[in-house]
Amino acid sequence: MRPHLSISRRTSRTPFSSRVEAAGATGYTVYNHTLLATSFRGIEVDYWHLCENVQVWDVSCEKQVTLMGPGANQLAQYMTPRDLSNAQVGRCYYLPMCDENGSMISDGVGIKINDRHWRLSVADSDVLLWAKGLAVGFGLDVEVREPEIYPLAVQGPKAEELMCRVFGDAIKELGFFAIAPFVYKGKRMKVARSGWSKQTGFEVFVNDAHIGTQLWDELFAKGQDLDVRAGCPNLIERIESGLMSFGSDMDHTTTPFEIGLEKYINLDADIESLSLPALRLHTPTKKLMGLVLEYHRSLSDVNVFVGDQKIGDIRSQAYSPRYMRRLAFVMCDLEALNGAKTVAVNTDQGQVTGTLTSLPFNFEALGLKACR
């Protein structure tokens, strides 16, 4: 008998949970103490549909941590080594958030609402508590809270057409990682061109649960000819796209340098950031890399070897039906790896070899052609 997930107030439902269940969700995980669907018709069927059509995702688990008050800018800057001094209102910014040792606390998207208001859309980690601690510890005049905002994602190549049918053609003017207010049923809510896929997509930051369910229903009513379906972040698509997941591919022992986030760290900036002093002295000893294997089945042994020497461990993996290869993220010990590109993994069918590569995957450089 398969174990089941016991749902209580500690594993929060969302305003869209009844719709997700009615759409036939077959699996869930818990993300930021909130239910997140992981599958509907099967991961591969969901993958192809996402890449070719349009899906509506309940991603209310992307908790919104707001910083409001005169100290909002200062607190946001303390939390990240990315220079925010020139951040613009109405823009989204990918932010590694790091502690005093330079290690990751979370990653997420920072949204500058105005000069006294930041909103952080965070990964699966208790950023709210950390931000509260920093605000109190530094004596900042800022209110830190988690408002009732429920992100709803519309993802896939037909996402823009569906969003235009509901919100109007002004959606087309929204640039990548831009955010602007739109009115739905008389209610203003923010819409961003963003989402946890590399497909075309948007996120609607729903601030009224009742109106949110009406929005869900209207998206489906107006998207029938687009083959709209309920969906969720897809493991295959995110790995093909090189999108990392906090808690899986990185954790509180990982620095941004070790996961390829150098371009989001401003070492020479004259800013007050909690992590910059440590990061300026940091020399990476490990690195997250991609692994490509001619192997279909899931790898139960996560250890990766060069000869008899273990050089790393697999953090995430999926079989790509597009490229007919198993793809994985591997955290490699740089000293043990010593520049090697060919590695081995043990399986129940014997040892298989694969190729290490940088992330995100460059399939053309690897000589791999899409089969569809």
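Strands here are DSSP runs of at least two residues (E), helices are runs of at least four (H or I), and both are numbered from the N terminus. With that, a first stop: His33 sits in the loop between E1 and E2.

Ground rules, quickly. This is a predicted model, where local features need pLDDT of at least 70, side-chain atom pairs count only at pLDDT 80 or more, and totals for chains, interfaces and linings use all residues. Residues are numbered from 1 along each chain as its sequence is written, and side-chain values use heavy atoms, with hydrogens and water left out.

His33 has a positive phi near 65°, and it is not a glycine. Most residues other than glycine have a negative phi. Buried or exposed, or in between? Here buried means under 20% relative accessible area, exposed over 50%, and partly exposed in between, with a 1.4 Å probe and protein chains only. His33 is partly exposed, at 45%. Asn32 also takes a positive phi, near 50°, in this hairpin with 2 residues between the strands.

Now the strands around it. E1 (residues 27–31) and E2 pair antiparallel over 5 bridges; pairing requires that DSSP finds at least two bridges between two strands. Tyr28 has Ala37 in E2 as its bridge partner. E2 (residues 34–39) is mostly covered, with 5 of its 6 residues buried.

Next, E5 (residues 92–98). How many of its residues are buried? 7 of the 7, so E5 is largely enclosed by the rest of the structure. In a regular strand the side chains alternate between the two faces of the sheet. Cys92, Tyr94, Pro96 and Cys98 lie on one side of E5, Tyr93, Leu95 and Met97 on the other, and all are buried. E5 runs antiparallel to E6 (residues 104–114), joined by 7 bridges. Tyr94 bridges to Val109. In their hairpin, Gly102 takes a positive phi near 85°.

On to helices. The axes of H5 (residues 159–167) and H6 (residues 209–222) come within 10 Å and cross at roughly 120°. Axes are lines fitted to C-alpha atoms, for helices over the stretch in contact, and angles run from 0 to 180 degrees between N-to-C directions. Contact means heavy atoms within 4.5 Å. From H5, Leu162, Arg165, Val166 and Phe167 meet Leu215, Glu218, Leu219 and Lys222 of H6.

Last item: a cis peptide bond joins Leu359 and Pro360, with omega about -5°. Pro360 is in the segment after E19 (350–357).
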